[in-house]
Structure formats: C-alpha cells, structure tokens
Amino acid sequence: MSQNWAATAMAFIALFLVGGIFSFFKQGLKKGAILLGALAALATTAAVLWW
C-alpha cells in the first residue's frame with residue numbers, strides 16, 4: 001500500500017514541476033526550465049517504476 005502512495009506523491013511532484021516549467025518559460029529563464037524538465041522526467045519515471 002505504501003508503494004502506491006509513493007508513486008502518487010511522485011506523480012504530483014512531477015505535475016508541480018511541469019507547472020514550474022511553464023512559469024520559468026514565461027519569465028525567460030530557459031536554463032531553469034530545462035532543469036525542471038529533467039527533474040519532472042525523473043519524477044515521472046520514478047512514479048511509473050514505483051507503481
């Protein structure tokens with residue numbers, strides 16, 4: 001049961017980071033958006049593998 005909670009938490013973190021990507025792009029911070037994209041990809045991968 002705790003594994004599903006961890007996967008859900010990682011999915012929410014990934015969605016939060018995707019929102020940050022849009023925010024960073026609007027502010028013109030492209031390097032930060034790329035970093036957040038990489039972190040979002042890692043969080044999504046973790047959520048999928050944990051599930």
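**Helix packing and solvent exposure in the predicted model**

Leu-15 counts as exposed because its relative accessibility is 59%, where exposed denotes over 50% relative accessible area, buried under 20% and partly exposed in between (1.4 Å probe, protein chains only). The structure is a predicted model, in which local features need pLDDT of at least 70 and side-chain atom pairs count only at pLDDT 80 or more, whereas totals for chains, interfaces and linings use all residues. Residues are numbered from 1 along each chain as its sequence is written, and side-chain values use heavy atoms, with hydrogens and water left out.

Leu-15 is placed in helix 1; helices are DSSP runs of H or I with at least four residues, numbered from the N terminus. The C-alpha atoms of Leu-15 and Ala-40 are separated by 7.4 Å, although the two residues lie 25 residues apart along the chain.

The largest nonpolar core comprises five residues, Leu-17, Ile-21, Ala-33, Leu-36 and Ala-40; such a core is a set of buried Ala, Val, Leu, Ile, Met, Phe, Trp, Tyr and Cys residues joined through side-chain atoms within 4.5 Å. Helix 1 (2–27) and helix 2 (30–50) each supply at least two residues of this core, and helix 2 gives the most, with three.

In helix 2, the buried residues are Gly-32, Ala-33, Leu-36, Ala-40, Ala-43 and Ala-47. These residues lie on the same side of helix 2 because they cover an arc of only 90° around the axis, the arc being that of the directions from the helix axis to the C-beta atoms. The face turned away from this buried side carries exposed residues, including Lys-30, Lys-31 and Leu-42.
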